[in-house]
Structures are given as C-alpha cells and as structure tokens.
Amino acid sequence: MKYVSTRNNSKEYSFEEVFIKGLADDGGLYVPTSLKKFSSDELSELKNLNYNDLSTEIINQFSSDFISKDDLTSLIKKSYSTFREKEVVKISNIGDLKLLELFHGPTLAFKDVAMQFIGNLYEYYLSKNDKKINIVVATSGDTGAAAIDAIKGKSNLNIFVLHPNNRISPVQRKLMTTVEDKNVFNIAIDGNFDDCQNIVKQMFSDLNFSKSINMSGVNSINWARIIAQAVYYFYTYFKINEDKPISFSVPTGNFGDVFAGYLAKEMGLPIDKLIVATNENDILHRAISNGDYISKKVKETLSPSMDIQLASNFERLIYYVNNSNSDITSDIMKKVKYNEYKIEKSNLDIIQKDFISESCDENETLEIIKKNFEINSIILDPHTAVGVGAANKLNLNDCVVLSTAHPCKFPAATDKAINKHEELPIELQYVHSKEENFQLLKNEAEAVKNFVKSKL
Ligand SMILES: *Cc1c(COP(=O)(O)O)cnc(C)c1O
C-alpha cells in the first residue's frame with residue numbers, strides 16, 4: 001500500500017517511511033492512497049477472531065510491504081502480552097451505555113494499545129536497519145508514559161519525552177519519571193502541552209538537527225498508531241453482535257482515537273455516529289456543530305489529556321472531505337495556521353454524516369462521575385466521564401463509550417467528585433515510593449536541542 005501527504009499527494013511513500021517519519025517534510029500528514037473495504041461476507045469471516053488475530057488482519061492491510069503476516073502475528077502477540085486483560089480490551093455496561101475499557105495496558109490508558117505495538121515495530125525496523133533512532137515526543141500525560149514503557153530498554157533507541165511542568169497528574173508523571181532505563185529521558189517544560197508540541201515541531205523542522213540525530217516521532221499523528229486503534233472498533237462491533245450499526249462516543253483531544261473510528265467506518269465497519277466528546281477545550285465541538293474551527297487559549301481541566309486546542313489529526317478528515325485534494329487541504333491548513341478557518345457549509349454537511357459532538361464543562365464532568373458512582377457503583381476517570389456525558393446529552397443511550405483511562409490515574413478528579421479514588425493496580429504501586437528523574441527546561445526549542453545533544 002502506498003501513502004501520500006495531505007499537503008502534496010503527487011509523491012508516494014512506503015509504510016516504512018510513513019511509520020519512521022510520522023510527519024511529512026511538507027508538514028502534512030500521511031494517508032493511504034486507497035483503503036480496503038470489507039464486504040459483509042468478509043466482515044463475517046473476521047467476526048470470531050480473538051483480539052490478536054483481528055489486529056493482524058486489520059493492520060496487515062496497511063503494512064504488508066514492510067512486515068510479513070507471520071512476523072506481524074508474532075509482533076502483535078508480543079505487544080499485547082503486557083496487558084492485564086487477555087483479550088486486551090474489555091466491554092462492560094454502565095446503565096444503558098456500554099464502556100469499552102481500553103486501559104488494561106502497562107500505563108493504564110488507551111495509548112498503550114497502539115504504543116506497545118509501535119515499540120516493537122521500531123525494534124523490527126532496527127533489526128533490518130543498522131541505525132540509532134532518537135524518539136522525541138510531547139505529552140499531555142498519557143502518551144509519554146505509554147511511549148516510555150514501549151521503548152524502555154530497547155537497543156539503538158532513545159526516547160526524550162517533553163511534558164508540561166506541573167500540568168499533568170502526579171500519577172501520570174510518576175509512571176514516566178520513575179523508569180530507570182538508560183535510554184529514557186524526561187523533560188519538564190515550563191509551559192503547557194501546546195508549547196511542548198510546538199517545540200517538538202520546531203525540532204523536526206530544523207532538518208539539520210533532526211536528520212543528524214535520526215529523530216523520529218510517536219505522537220498521535222503517526223499512522224501506525226491510528227491503524228492499531230482502528231482494531232478495537234472492529235472488535236467491539238463483533239463482540240456486541242447486534243446486526244445494526246453502532247455509535248461510539250470518544251473522549252477527544254488530538255482527534256486521533258476518533259479518527260481511527262472513522263477509518264474503521266471507511267473500511268466498511270457498520271458504524272452509525274462517532275461522537276466527538278470534548279472538555280471545555282471545545283474547538284472540535286464548535287467545529288463539528290457549527291464550523292467554528294477557531295482555537296482559543298487552552299484551559300486546564302480535570303481531563304488534562306484532552307487539554308488541546310490544535311487537533312493535529314483533524315487535517316486527515318479535512319483531506320478526505322475535500323475529496324483527497326491536497327491543494328485545497330494545504331490552503332485550508334494555512335488558514336488554520338493563522339486561526340482563520342471556518343468550515344464551509346458543504347464540507348460541514350459531509351462531516352456531520354459521520355460525526356456529532358458535545359462538550360462537558362468541569363461541573364458536568366464531576367456530576368457524571370458522581371451520578372455513575374451513586375447509580376452504577378462505577379468510578380469513571382474524568383476523560384471517560386466526558387464521553388459518557390456527551391452520549392447522555394445527545395440522548396444516544398445505546399452507544400459505546402470509549403473508556404480511555406483507568407480512574408486511578410486521576411485521583412484528584414475523583415476525590416473532588418465523590419471523595420474517593422481508586423488505587424493503582426498492585427504491580428504499579430511501586431511508583432509512589434520510587435525516586436523521580438526529570439530535567440526542567442525553559443520553553444525554548446534550543447534548550448531542548450542542547451539537552452538532547454548533551455545526552456548522545
Ligand atoms: C490521549 C487521551 C485522550 C484523547 O485522545 P486523542 O487521540 O488525542 O483524541 C483521551 N483520553 C485519554 C485518557 C487520553 O490519554
């Protein structure tokens with residue numbers, strides 16, 4: 001399968017390039033030139049597969065030029081052997097809604113599902129290429145921990161993780177900063193998540209620097225992450241087995257997870273609506289409900305992994321709704337850059353065929369946590385609570401809410417709502433007493449570049 005950039009689709013790339021580079025040199029995102037569309041007969045054949053075999057079938061549609069199906073099978077098996085659930089994810093009920101629990105991996109958030117896979121994909125790549133790679137990634141809390149766990153201890157790989165100082169939960173931070181492996185470097189930036197993300201972007205676009213260190217990225221625009229996430233939409237549809245299209249409510253920040261749902265739908269999975277659920281950082285809700293894609297200042301909320309105002313993956317949707325026209329996409333992205341983009345009515349109509357949106361403010365999020373604890377005896381993490389709240393507000397009461405984090409990762413939020421929090425799973429409790437290691441740096445790309453160079 002070949003790939004192109006959303007900003008210039010005259011040049012084709014291989015899966016290997018797409019995976020290793022993450023972002024195209026022209027600033028665009030990689031998308032495949034065609035998609036496998038499963039017929040209903042083909043879907044029936046996938047229906048009874050276990051999670052690992054289903055992953056192989058879906059991911060193989062995209063990666064077969066790079067990795068053989070046999071190698072992919074063992075790579076996936078290895079990736080998901082680190083999960084506390086044998087079937088990787090778990091579907092449970094809360095009231096009329098279903099929860100798709102995606103937090104049973106090593107760092108307690110859905111990001112493990114893609115990241116464990118990606119870590120092993122790097123290892124596979126390096127077994128064929130004599131190179132050393134330096135991964136640099138910005139995190140709003142969960143990506144960093146998941147990436148560190150996936151990369152720690154692997155040879156010829158270093159990982160540098162930038163998190164916004166004091167703006168992530170202590171549990172999120174400790175899951176990153178207590179890792180002792182020599183190839184892991186934590187950096188706290190005196191700024192917010194968008195600042196961290198901007199520094200990483202600047203480092204990438206300094207081609208002298210980024211090429212000299214073989215810099216690679218694992219943030220949520222990496223296509224390999226999206227395809228690994230598309231798998232659980234298929235899995236859920238098959239498990240629920242209702243013979244009608246189902247809707248998903250997806251707590252959203254960078255539009256990665258919900259885009260994976262769109263990909264599954266484009267591949268023929270009967271999905272009705274994808275609910276884009278946001279916290280008070282509601283640019284995507286404003287965009288999808290009335291075309292207002294104007295970013296505002298980031299607010300700190302109870303759901304920090306969604307405190308984002310620049311939803312990078314949205315560019316992929318823009319590309320698709322404009323009939324894969326990369327000139328138009330480029331022009332739109334210029335407007336986005338100057339914060340001047342309103343979605344055209346005709347495009348908004350197309351988007352609204354697949355997506356609807358809602359946003360929950362802080363009080364609503366606390367109320368949802370409280371109500372679900374009182375009625376259903378379930379403690380929701382604040383991100384999942386936003387997903388549940390959006391489904392409730394839209395009256396879509398038989399949909400599946402993606403439960404993106406374990407509640408124990410956000411004890412301050414649940415304490416505030418119900419005066420209770422969950423403890424970390426026993427095997428992770430050591431992080432509370434272990435020494436933390438990170439470097440505080442100024443909100444400047446130069447400072448981070450110098451730090452990285454000093455470590456190589
Ligand atoms: C990253 C994250 C999200 C948002 O996912 P996107 O792919 O960025 O939309 C939601 N919930 C949790 C717990 C996360 O870690």
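Biologist: Which helix gives the most residues to the lining of the second largest pocket?
Modeller: In this predicted model, the second largest pocket holds about 430 Å³ of space. The elements that give two or more residues to its lining are helix H7 (170-177), H8 and helix H18 (411-418). With three residues, the element that gives the most is H18.

Biologist: Which residues lie nearest the centre of the second largest pocket?
Modeller: By class, the lining of the second largest pocket divides into twelve nonpolar, five polar and six charged residues. This pocket is lined by 23 residues, and those nearest its centre are Arg167, Glu300, Thr301, Pro304 and Asp307.

Biologist: Which element supplies the largest share of the lining of the largest pocket?
Modeller: The largest pocket has a volume of about 1200 Å³. Two or more lining residues come from each of helix H1 (15-21), H8, H9, helix H13 (314-321) and H14. The largest share, seven residues, comes from H8.

Biologist: How many charged residues are in the lining of the largest pocket?
Modeller: The largest pocket is lined by 46 residues, and Leu23, Ala24, Gly27, Lys201 and Phe204 lie nearest its centre. By class, this lining has 18 nonpolar residues and 16 polar ones, while the number of charged residues is twelve.

Biologist: Is Ser326 buried or exposed?
Modeller: Ser326 lies in helix H14, which covers residues 326-337. Leaving aside neighbours within four places in sequence, Ser326 is in contact with Ser5, Thr6, Arg7, Asn8, Asn9 and Tyr319. A residue counts as buried under 20% relative accessible area. Ser326 has 5% relative accessibility, so it is buried.

Biologist: Why do the buried residues of helix H19 line one face of the helix?
Modeller: In H19 (residues 445-455), the buried residues are Ala445, Val448, Lys449, Phe451 and Val452. Seen down the axis of H19, these residues line one face because they fall within an arc of 160°. In general, an α-helix has 3.6 residues a turn, so residues three or four places apart point the same way.

Biologist: Which elements do the buried residues of H19 pack against?
Modeller: The residues concerned are buried ones, including Phe451 and Val452. Their partners are strand S7 (157-164), strand S8 (184-189), helix H8 (193-205), helix H9 (207-212) and strand S14 (439-441).

Biologist: What distance separates the C-alpha atoms of Asn156 and Glu123?
Modeller: Asn156 lies in the loop between helix H6 (142-151) and S7. With 36% relative accessibility, Asn156 counts as partly exposed. Apart from neighbours within four places in sequence, Asn156 is in contact with Leu126, Lys131, Lys132 and Ile133. Asn156 and Glu123 are 33 residues apart along the chain, and their C-alpha atoms are separated by 8.6 Å.

Biologist: What is the radius of gyration of the protein?
Modeller: The protein contains 19 helices and 14 strands. Its C-alpha trace spans about 55 × 50 × 45 Å along the principal axes. For 456 residues, a compact globule would have a radius of gyration near 23 Å, which agrees with the value for the protein, 20 Å.

Biologist: What percentage of contacts between residues at least 6 apart in sequence join residues at least 24 apart?
Modeller: Of the 456 residues in the protein, 61% are buried. Among contacts between residues at least 6 apart in sequence, the share that joins residues at least 24 apart is 75%.

Terms used
Residues are numbered from 1 along each chain as its sequence is written. This is a predicted model: local features need pLDDT of at least 70, side-chain atom pairs count only at pLDDT 80 or more; totals for chains, interfaces and linings use all residues. Side-chain values use heavy atoms; hydrogens and water are left out. Buried means under 20% relative accessible area, exposed over 50%, partly exposed in between (1.4 Å probe, protein chains only). Helices (H or I, at least four residues) and strands (E, at least two) are DSSP runs, numbered from the N terminus. The arc is that of the directions from the helix axis to the C-beta atoms. Contact means heavy atoms within 4.5 Å. On a 1 Å grid over the protein atoms alone, a cavity is a set of points where a 1.4 Å probe fits but cannot get out, and a pocket is an open set with protein on both sides within 12 Å along at least five of seven lines; lining residues have an atom within 4 Å of a point. Grid points are joined across faces, edges and corners, and a volume is the space filled by probe spheres set on the points. Ala, Val, Leu, Ile, Met, Phe, Trp, Tyr, Cys and Pro count as nonpolar, Asp, Glu, Lys and Arg as charged, and the others, Gly among them, as polar. The radius of gyration is taken over C-alpha atoms; the globule rule is 2.2 Å times the number of residues to the power 0.38.
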